Amino acid sequence: METPHITTFSAYYHYYFDNTHRFDGHRHGSWEINLVRSGELEISYDGTVLTLHPGEMFLGEPYAFHRNAVYARGTTDLAVLMFAATGICPIGEPRLLSLEADGAALVNILIPEMDAQGTQGHYSPEEAPPYRTAMLWDALLVRTLEKPIAPPEQSQGACAVYRQAVRYMRAHISRSLSIGELSAACYVSPTTLKRAFAQYTGRGVMAYFTEMKIEAARRMLPTAASIAQVSESLGFSSPAYFSQTFRRITGNCPRAEQRAAQARLSVKV
C-alpha cells in the first residue's frame, strides 16, 4: 500500500473561534484536514454530523460537502490545511482520527512552524510546500490514519433526518427527486426536512441535491464517453441544462473539466 504523501498545499488557515462561528460550507477539489487544539467544532459532512474535541482530527475528501460551526463556550483553536496528496484512498465517508501523544507532538511543531511561515491563505498552484514541513504533515497523516475513531450514529432529531435524506439522495442520484418524496422517505414533513438542511448545510434541499449531482459528474467525467452520457445518467433534462448547471456551480464548463482531467490521467500513465 502506498504511503500517504502531500504533493501540494492548497491553503492553510489558523483560527480562534467563539460560539458565534457559523461557516456555510463548501466543496473543493482538495483534501482537507481540520485540527482542534482546544474547544469543540461541529462538522456536517455529506450526511454525517460529528464533533471534534481537542486531540482529534477530521480528514475530508475532495468535492465532499462540509460545513462547521462552534456552539461550545470558550475559544476553539482550529487549524485547517487543504492539500493534494497521493497514497490516501477515498472511502466516501468522513474520517475522524485520534492524534494521541505522537500526533499531538507533531502538531505542536507543525502549527507554530506554519504560522511562522506567514503563508495563511491560498497557495499558488506552483508553490511547493517546504520539504521539512511536508514531511511532518506526511508523518502526521501516516500516524493518524492508523487510529480512526468511529463517528457516532445519529438516531434522533435533525441529525437523523439530515443523514437519512442524504443517503436517499445518493441511492437515487440518477433521478429527479422532489421535496415531497424526500420528506416522505424520511417520515417527516417538508418543513422539518428543510429545517434540518438549513441547520446542517446552510442550503436548500434541492440545491444540496443538485450540488451532489455535480460532485458525481466530476468523478464521472474523466472516463465518460460523452457529456450527454453523464447528463443522462444523473437525471438532467438535457445536456444543455446539465452544462449550464455545471458551469454555475463550478465556474467551469464540463467539456473543459473533462479534457483537463483526461490530460492529468494521461500524464500519470
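Proline 90 sits in the loop between strand 7 (76–86) and strand 8 (95–98); helices (H or I, at least four residues) and strands (E, at least two) are DSSP runs, numbered from the N terminus. This is a predicted model, where local features need pLDDT of at least 70 and side-chain atom pairs count only at pLDDT 80 or more, while totals for chains, interfaces and linings use all residues. Residues are numbered from 1 along each chain as its sequence is written, and side-chain values use heavy atoms, with hydrogens and water left out.

Proline 90 is exposed, at a relative accessible area of 53%; buried means under 20%, exposed over 50%, and partly exposed in between, with a 1.4 Å probe and protein chains only. Leaving aside neighbours within four places in sequence, proline 90 is in contact with Trp31 and Glu61, contact meaning heavy atoms within 4.5 Å. Its C-alpha atom is 9.2 Å from that of glycine 60, which is 30 residues away along the chain.

Three strands make an open sheet in the order 4-3-6, with antiparallel pairing; two strands pair if DSSP finds at least two bridges between them. Strand 4 (48–52) and strand 6 (66–69) are at the edges, each with a single partner strand, so one side of each has no neighbour in the sheet. From one strand to the next, the twist averages 20°. Strand 3 (residues 41–45) pairs with strand 6 over four bridges, and serine 44 stands opposite arginine 67 in strand 6.

What lies across strand 3, strand 4 and strand 6? Helix 5 (residues 190–200) does, running at about 75° to strand 6. Axes here are lines fitted to C-alpha atoms, for helices over the stretch in contact, and angles run from 0 to 180 degrees between N-to-C directions.

Now helix 3 (residues 157–171). Its 15 residues should span 21 Å at 1.5 Å a residue, and the end C-alpha atoms are 22 Å apart, which agrees; the expected span is 1.5 Å times one less than the number of residues. Among the buried residues of helix 3 are Cys159, Val161 and Met169. The buried residues of this helix pack against strand 3, strand 4, helix 4 (179–185), helix 5 and helix 6 (205–220).

Last, the cysteines. A search of the whole structure finds zero disulfides, a disulfide being a pair of cysteine sulfur atoms within 2.5 Å. For cysteine 159, the nearest cysteine sulfur is that of cysteine 186, 13 Å away. Cysteine 159 is buried at 16% relative accessible area, and cysteine 186 is buried at 6%.
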